Amino acid sequence: MLLIEEASSVGRMCLSKDLVLLMLQFCAEENLKRTAHMLEQESGYFFDLEYFEELILHGNWDEAEDYLSSFTLLEDNKYSTKIYFEIRKQKFLEALDKRESAAALDILVKDLKVFEQSNKELYKEMTLLLTMPNFREHSELTSYGDTLSVRRSIINEMRAVIQANPILHGKTNFPPINKSRLRRLINQSLNWQHKHCAHPHPHPHIDTLFTDHKCPGPDNMMQHNQLENEISLVTMSTELSASPLTGTTPAVKPLNEVISPSDYSSICQDSANDFEKDEILAIIEGHELLQTSPCVRGDSSSGYLTESFRKLSVNQMPVLPLQTVVPARNAASEDSLVMWQNTSARGVCPNNELMKMEIPQISKVVDVSSCEYVILPSLVQTNTIRRLVYSHSGNGVVALAEDGTHLLWKWEKNDDNINGEASTKSTPALYQPKRGLLMINDTPPRNSSLDDQVPSTLTLSKNDAYVISSSGAVISLYNAISFKELRSVMRPPPAATCIVFYPPDNNVIAIGRHDASILIFNIRTDELISKLKGHSKRVTGLAFSTTLNVLVSCAVDTEIIVWDSRTWEKKKSTVLQISGGLLGSAELSETSIELDKDHNHFLAVHQTQLAIYETLTLRRVKQWTIANFCARISHATYSCDSEMVYAAMRDGIILVLDASDLSPRYEIDPSAYLPSRLRPCYVVGVVDPVVIAAHPKKKNQFALGLSNGEVVVVEPAFPTQVKLAGLPSSL
């Protein structure tokens with residue numbers, strides 16, 4: 001029984017230490033440096049060697065000693081004694097160098113006196129320096145260089161002593177933790193809480209972490225929806241980017257860049273077979289916590305779970321004795337201290353015994369270190385961006401907000417943007433005609449029933465001259481230049497849920513509707529060409545292929561149908577396979593489809609999975625599925641060359657997958673594409689990506705529509721070592 005209690009106590013201490021380290025990582029990401037260093041000192045879990053060396057380099061001797069004293073005291077061992085001696089000795093010499101004799105005497109009496117007992121001769125020689133007009137006249141200090149060079153040499157020496165000090169062993173290297181890990185754990189907890197809500201809302205609002213999340217019941221849903229409209233974001237005055245609208249911001253990194261051997265992520269690669277893991281009951285500070293299994297990246301081709309690993313373990317390196325780590329002339333011997341050393345910039349010899357070892361790493365997913373981004377400016381107040389498309393020419397972005405407002409941005413040609421295409425290097429203008437018109441759709445009155453919510457829909461004509469959209473009410477046709485509403489047709493019910501232009505004729509559109517029907521309609525002549533019936537639930541996605549002469553449609557129940565676009569007859573149908581553990585609210589979730597550039601395959605997007613199908617046969621060739629308790633997929637799209645898939649996750653992560661096998665290749669943290677004023681918001685789900693669109697010509701550019709009504713265009717800086725293969729014509 002006693003052993004069990006001791007083991008439980010050790011477990012609590014380990015988890016408490018982990019929590020402190022996560023807090024340190026969070027402080028570093030939020031630039032709370034002073035707070036982080038105070039926590040380091042109070043906890044004693046991490047000795048920030050870089051910070052300590054900064055204090056030495058800037059001559060902040062008292063602060064350096066105060067920081068050091070939180071981890072080890074002067075009398076602890078010979079290594080600690082050596083570090084304290086070097087700090088105080090240099091403080092003494094610099095006072096002499098400044099001709100501050102009184103200060104030097106004070107240091108000698110108060111700080112260096114403690115070392116007299118171990119080396120009386122040394123202390124006498126230091127006292128003798130007070131009587132010399134220039135201490136460099138001493139035979140052992142003739143090569144004493146300038147202050148900065150000497151400090152750098154002391155840093156090199158003390159680094160070796162610190163690393164050899166057994167008291168500081170394991171504390172100078174920050175553990176390898178995935179970036180923003182604390183945020184990720186919070187998001188996973190919120191996802192878990194939301195999954196167990198009695199009435200889960202499709203777009204939950206979370207404004208506090210002080211209490212468990214619980215979606216309001218049906219009786220309170222109307223009040224909840226009204227509250228969502230009234231919420232405004234409190235913006236922070238500071239920005240990391242050069243201007244409020246553009247910037248290049250590095251992704252937040254862990255304090256130590258080494259990837260963990262257990263590089264878990266909330267994004268999970270899964271094969272067609274879903275797996276369940278046992279729940280683990282963990283104890284943290286005496287409180288019971290239901291801890292779900294971590295999400296592990298898996299390899300769909302082999303079916304095995306894969307992790308990042310290192311060939312050499314740091315723990316395999318023996319702690320070298322001080323005589324080996326530090327050259328004999330600079331080291332503290334077994335029973336004495338050495339004061340004199342060649343400290344000139346030229347006289348310091350490199351420590352050949354200390355070898356920096358490169359540790360090879362292999363990882364399935366690569367974190368993208370930085371992104372260039374631009375927040376598209378707007379003086380028009382809107383709410384959540386529901387639909388987002390690039391113009392076919394690539395020089396503009398059109399967004400449709402939940403309130404029915406359209407926003408159009410255009411990039412102009414200039415010296416920095418010769419082609420006038422969408423770019424993060426220049427800020428576009430929010431386009432509005434001289435008459436000041438806005439394109440605003442009619443919207444239906446809010447209804448407390450979630451089943452009656454109708455998604456917004458938006459499509460652009462091939463020449464970018466016309467916009468057709470609907471926000472749950474009539475279908476409106478707009479002139480994209482004058483913003484004039486040219487026509488409005490088909491007042492609900494049933495409402496239009498998705499619309500797409502028929503490529504051969506800009507006057508013909510396909511309309512998916514809430515009653516599960518599809519209309520082929522000539523909007524210029526008001527002619528109903530055909531009415532397609534085959535779905536049993538509302539239609540959520542449409543895509544035409546002129547090369548294959550088919551229309552592909554999908555519905556909220558994940559059914560996919562291929563229609564002949566000449567006879568409008570149903571050819572084939574299938575349904576997405578959803579793992580048993582992901583059923584429930586996921587069964588009725590918006591499904592979307594997108595053809596690849598050759599139209600031989602299409603991408604199916606569901607909140608629980610991505611899948612690639614052959615267009616004509618509806619044979620599923622690839623699938624990527626999230627695991628339990630991981631963030632769901634908000635939206636996904638092909639890159640312009642169909643070689644990559646960009647997937648926006650609900651926790652803010654942008655996952656980049658290889659379209660050839662749907663294996664995750666890159667992961668982009670929200671800190672890489674959100675300005676600093678928005679980063680605190682995505683932790684609690686106030687700001688997250690809702691919809692994503694890929695540039696029609698630039699494979700490394702995409703746009704995100706955010707839940708706060710803003711749009712950001714992002715260009716990730718992908719590492720060059722991971723190459724993405726194109727999707728083959730046959731799989």
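Predicted model: local features only at pLDDT ≥ 70, side-chain atom pairs only at ≥ 80, totals over all residues.
Residues are numbered from 1 along each chain as its sequence is written, and side-chain values use heavy atoms, with hydrogens and water left out.

Back to our pair. Strand β22, residues 559-564, is joined to β23 by five bridges, and the two run antiparallel. When I say strands pair, I mean that DSSP finds at least two bridges between them; strands (E, at least two residues) and helices (H or I, at least four) are DSSP runs, numbered from the N terminus.

Which strands make up the open sheet here? The order is β20-β21-β22-β23, four strands with antiparallel pairing. At its edges are β20 (539-545) and β23 (570-575), each pairing on one side only. From one strand to the next the twist averages 15 degrees.

Now to another sheet. Four strands in the order β12-β13-β14-β15 form an open sheet, again with antiparallel pairing. β12 (457-460) and β15 (485-489) are the edges; each has a single partner strand, so one side of each has no neighbour in the sheet. Here, too, the twist averages 15 degrees from one strand to the next. β12 runs antiparallel to β13 (residues 466-470), with four bridges joining them, and threonine 457 stands opposite serine 470 in β13.

Next, the hairpin. β24 (592-595) and β25 (601-606) pair in the antiparallel sense over four bridges, with glutamate 594 opposite leucine 603 in β25. Five residues lie between the two strands, and histidine 599 in the turn has a positive phi of about 70 degrees.

Finally, the helices. How do α3 and α4 pack? Helix α3 (residues 49-57) meets helix α4 (residues 61-69) at an angle of about 155 degrees, their axes 8 Å apart. Axes here are lines fitted to C-alpha atoms, for helices over the stretch in contact, and angles run from 0 to 180 degrees between N-to-C directions. α3 and α4 are therefore roughly antiparallel to each other, a term for angles over 145 degrees. In contact, meaning heavy atoms within 4.5 Å, Tyr51, Phe52, Leu55 and Ile56 in α3 meet Trp61, Glu63, Ala64, Tyr67 and Leu68 in α4.

Key: Parallel < 35°, antiparallel > 145°, perpendicular 65-115°, else oblique.
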